[in-house]
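Thanks for coming. I will go through the aromatic rings first, then a few backbone details. Please have the sequence and the structure open.

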Amino acid sequence: MFTQKCSCFFKSLLALLFFGTCVTAHAEKDKNVHFEVNGVGFDMIFVDGGTFTMGATLEQSFPLDNERPAHEVKLSDYYIGETEVTQELWNAVTGQPFSCFSGDPRLPVESITWEEAFAFVKMLRQMTAVEFCLPTEAQWEYAARGGKASQGFQYAGSDVAEEVAWYGANQRPEMNVCPDSIALGVYVNHAIAHTFPVAQKKPNELGIYDMSGNVAEWTADYYVPYTEGRKKNPKGPLFGKERVFRGGCWYFGEWACRVAQRQGALPSGRYSNLGFRLAMPKYYKM
């Protein structure tokens, strides 16, 4: 069973049948959208498009070279997941439980390659007839910064990492290190550190959880250096070697939880600190 609760400015009730699956939708006061897939609910947050400066802005402490140059980006409206994809949603869609950590269905799914995340998105599209996707790197950062509601925080929703993020220093103080452009963090023993159920920390300005910390998140883009100049709805190059992941995680220190921090990994890479979040266009297919 798939149930969709759609928010818009028109009050209506709509029921359709897709491939033997019942779909319902009705209006609410805001523009967010609630979905249920095989009994598992999740919310997509509306992001009002706008223009922002992407990369190493002034409030970002210890920025890495790959965050430069800061550049202007203009984005159209879109939706992004309120939380990272959870293990219960992964299981509801694929029927195949898969993660390093377990014990709570609301834990974020991890140890998922970019290729598997993309396959999940395709499967969810087929089940729902909605054009889900991975967020572009620019969409991810704009949402993490709070979109038009941004207060210019260093992390997603606060200047205090502890308020919004699960990261290495939450569990081991020695993880709170500031790296240079080469160092990428300190090892944390799996027996001590782990993921946490989503939406336990403070949300950001848009009501989105865990964009800093818990697990890092795959994006749609290939990982390449930034370039100068204004950009509109950038999607990155058509070809590349690594895919971008964002957000910091339980494994690294708070420096990695900054909204501008970016890294890349092979699409076949599988890591217990790496998951993903959904996105969809403003005008999604029903």
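**Aromatic rings and backbone details**

Let me start with a cluster: F101, W250, Y251, F252 and W255 are linked by ring pairs. Bear in mind throughout that this is a predicted model.

How many aromatic pairs does the structure hold? The count is 15. I will take two of them in turn.

A pair of aromatic rings is described by two things, the distance of the centres and the angle of the planes.

Take F35 and F42. Their ring centres are 5.3 Å apart and their planes are at 15°, so this pair counts as stacked; the cut-off for stacked is under 30 degrees. Are these two residues buried or exposed? F35 is buried, at a relative accessible area of 0%. F42 is buried too, with 10%.

Now go to Y251 and F252, which belong to the cluster I began with. Here the centres lie 4.9 Å apart and the planes are at 85°, so the pair is edge-to-face. The cut-off for that class is over 60 degrees. Y251 and F252 are both buried.

Next, charges over rings. Which ring does the charged end of R243 sit over? That ring belongs to W114, and the charged end is 3.8 Å from the ring centre. A second case is R262, which lies over the face of Y226 at 4.0 Å from the centre of the ring.

Now the backbone. Where is the cis peptide bond I want you to look at? It joins R68 and P69, with omega at about 0°. P69 is placed in the loop between β6, residues 50-54, and β7, residues 71-75.

F62 is not a glycine, yet its phi is positive, at about 55°. Is its side exposed, buried or in between? F62 has 48% relative accessibility, so it counts as partly exposed; exposed would need over 50%.

Where does A199 sit? It is found in the loop between α5, residues 168-171, and β9, residues 216-222. With a relative accessible area of 28%, A199 is partly exposed.

That is the end of my list. I will take questions now.

Definitions and conventions:
Residues numbered from 1 in each chain as written. Predicted model: local features only at pLDDT ≥ 70, side-chain atom pairs only at ≥ 80, totals over all residues. Heavy atoms only, no water. Phe/Tyr/Trp six-rings, centres within 6.5 Å; stacked < 30°, edge-to-face > 60°. Buried < 20%, exposed > 50% of the residue type's maximum accessible area, 1.4 Å probe, protein only. Lys NZ or Arg CZ within 6 Å of the ring centre and 35° of its normal. Helix = DSSP H or I, 4+ residues; strand = E, 2+ residues; numbered from the N terminus.
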